[in-house]
Amino acid sequence: MSDEFSDQSSRLVALETAVAHQDRIVAELNDVIALQWRRIDTLDRQIARLREEFQKLGDQRDPQEPPPPHY
C-alpha cells in the first residue's frame, strides 16, 4: 500500500510541477503579448500621424507644377 501511495504522491508532485511551470509560461507569454500590443498601438498612432503629414504635404503641392522630367 505504501508503494502505491508513494507512486501516487510522486505522480501528484510531477503534475503540480508541470502545472506550475505552465502557469509561469502563460504569465510570461501574457507579459510579452501585452508589451507587443503596446508597441503595435504606438506604431499605429505613428503611422496615422505620418499619413496625416503626407496628406498635408500632398495638399500643399502646387497643382500647376509641371511634372518632373523623365530620363
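Tutor: What follows takes each label in turn and sets the value against the cut-off. Keep in mind that this is a predicted model.

Student: What makes up the secondary structure of the protein?

Tutor: There are 1 helix and 0 strands. Helix α1 covers residues 2-60.

Student: How do you know how the protein compares with a compact globule?

Tutor: For 71 residues, a compact globule would come near 11 Å. The protein has 30 Å. The C-alpha atoms fill a box of roughly 95 × 30 × 10 Å along the principal axes.

Student: What share of the residues is buried?

Tutor: Buried residues make up 0% of the 71 residues. The label needs a relative accessible area under 20%. The accessible surface comes to about 7,200 Å², and 59% of that belongs to carbon and sulfur atoms.

Student: Why is I33 called exposed?

Tutor: The cut-off for exposed is over 50%. I33 has a relative accessible area of 56%, so I33 is exposed. I33 sits in helix α1.

Student: Why does I25 count as partly exposed?

Tutor: Partly exposed lies between the buried limit, under 20%, and the exposed limit, over 50%. I25 is at 30% relative accessibility, so I25 counts as partly exposed. I25 also has its place in helix α1.

Student: Which residues form a nonpolar patch on the surface?

Tutor: I25, L29 and I33 form the patch. Together they have about 270 Å² of accessible area. Nonpolar side chains are joined within 5 Å.

Student: How far apart are I33 and V13 in space?

Tutor: They are 30 Å apart, C-alpha to C-alpha. In sequence, I33 and V13 are 20 residues apart.

Student: Now the charges. How many positive and negative side chains does the protein have?

Tutor: There are 9 positive and 14 negative side chains. The centres of the two sets lie 9 Å apart.

Student: What makes the contact of R24 and E28 a salt bridge?

Tutor: The limit is 4 Å, from a side-chain nitrogen of Lys or Arg to a carboxyl oxygen of Asp or Glu. R24 and E28 meet at 2.9 Å, N to O. That value is within 4 Å, so the label holds.

Student: How are R24 and E28 placed in helix α1?

Tutor: They are 4 residues apart, so about one helical turn separates them. R24 is partly exposed at 41%. E28, at 39% relative accessibility, also counts as partly exposed.

Student: What is the N to O value for R45 and D41?

Tutor: It is 3.2 Å, and their side chains meet in a salt bridge. In helix α1, R45 and D41 are 4 residues apart, about one helical turn.

Student: Why is R45 called exposed, and D41 partly exposed?

Tutor: Take the exposed cut-off, over 50%. R45 is at 51% relative accessibility, so R45 counts as exposed. D41 has 36%, so D41 is partly exposed.

Student: Which residue meets R49 in a salt bridge?

Tutor: E53 does, at 2.9 Å, N to O. The limit is within 4 Å, so the pair qualifies. R49 and E53 are 4 residues apart in helix α1, about one helical turn.

Student: How do you know whether R49 and E53 are exposed or partly exposed?

Tutor: R49 has a relative accessible area of 43%, so R49 is partly exposed. E53 is at 37% relative accessibility and counts as partly exposed.

Terms used. Residues are numbered from 1 along each chain as its sequence is written. This is a predicted model: local features need pLDDT of at least 70, side-chain atom pairs count only at pLDDT 80 or more; totals for chains, interfaces and linings use all residues. Side-chain values use heavy atoms; hydrogens and water are left out. Patches are made of residues with over 30% relative accessible area and no salt bridge: like charges are joined within 9 Å, nonpolar side chains (Val, Leu, Ile, Met, Phe, Trp, Tyr) within 5 Å. Accessible areas come from the Shrake-Rupley method with a 1.4 Å probe; for residues, only the protein chains shown count as cover. Helices (H or I, at least four residues) and strands (E, at least two) are DSSP runs, numbered from the N terminus. Buried means under 20% relative accessible area, exposed over 50%, partly exposed in between (1.4 Å probe, protein chains only). The radius of gyration is taken over C-alpha atoms; the globule rule is 2.2 Å times the number of residues to the power 0.38. Lys and Arg count as positive and Asp and Glu as negative; His and the chain ends are not counted. The place of a charge is taken as NZ of Lys, CZ of Arg, CG of Asp or CD of Glu.
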